[in-house]
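Q: I have a structure open and want to go through a few parts of it. Can you help me read it?

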Amino acid sequence: MKIAKNYESINWQQCNVELFKLQNEILKAYRTGIKKDVLKAQHNLTRSFAARALAKFQKGYCPVCQSSLFNGEELEIHHITSRKEGGNHSYKNLKLLHKVCHRQVEYSKEGNLKATWREKGIIP
Ligand SMILES: [Zn+2]
């Protein structure tokens, strides 16, 4: 599917449903412990319309490490304002990140890093 340049015209609500499903598939595959299934599920996420649209919006880069999103690393969707804290489903609230970078954003307590991420709009 071709990705429109006009991001407002993309149905992000629908993209979120798609991303949520794909992330759940990855989680399920992890629980089975079958590596082949995990890789397949991750590949499905990477190739999905929603992920490709986000990647295009981010010009192909992970905002955390500035490397290409498609360098072979696992990808995950990050909510800038978490859903628990009322974050919405707009692409403006989503970032496609490497899984490793995502973990760093979720768990790091380092003040300097947090300040940088806040500046880049990765965290609120
Ligand atoms: Zn990264």
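Q: How are H1 and H3 set relative to each other, roughly parallel or roughly perpendicular?
A: H1 and H3 are roughly perpendicular (an angle of 65 to 115 degrees). This is a predicted model: local features need pLDDT of at least 70, side-chain atom pairs count only at pLDDT 80 or more, and totals for chains, interfaces and linings use all residues. Residues are numbered from 1 along each chain as its sequence is written.

Q: What's the angle, and how far apart are the axes?
A: Helix H1 (residues 12-32) and helix H3 (residues 49-57) pack at about 115°, with axes 8 Å apart. Helices here are DSSP runs of H or I, at least four residues, numbered from the N terminus.

Q: Which residues meet there?
A: Cys15, Glu18 and Leu19 of H1 meet Phe49, Ala50, Ala51 and Ala53 of H3. Contact means C-beta atoms, placed from the backbone, within 7 Å.

Q: New topic: where is Ala29?
A: Ala29 sits in helix H1. It touches Ile34, Asp37, Val38 and Ala41, leaving out residues up to four places away in sequence.

Q: How exposed is Ala29?
A: Ala29 is partly exposed, because it has 19 other C-beta atoms within 10 Å. The cut-offs are 20 or more for buried and 12 or fewer for exposed, with partly exposed in between.

Q: And how far is Ala29 from Phe70?
A: Ala29 and Phe70 are 41 residues apart in sequence and 21 Å apart in space, C-alpha to C-alpha.

Q: Last one: what does Leu97 touch?
A: Leu97 touches Cys62, Val64, Leu75, Glu76, His78, His102 and Val105, again leaving out residues up to four places away in sequence.

Notes: Axes are lines fitted to C-alpha atoms, for helices over the stretch in contact, and angles run from 0 to 180 degrees between N-to-C directions. Helices (H or I, at least four residues) and strands (E, at least two) are DSSP runs, numbered from the N terminus. Angles under 35 degrees count as roughly parallel, over 145 as roughly antiparallel, 65 to 115 as roughly perpendicular and the rest as oblique. Two residues are in contact if their C-beta atoms, placed from the backbone, lie within 7 Å.
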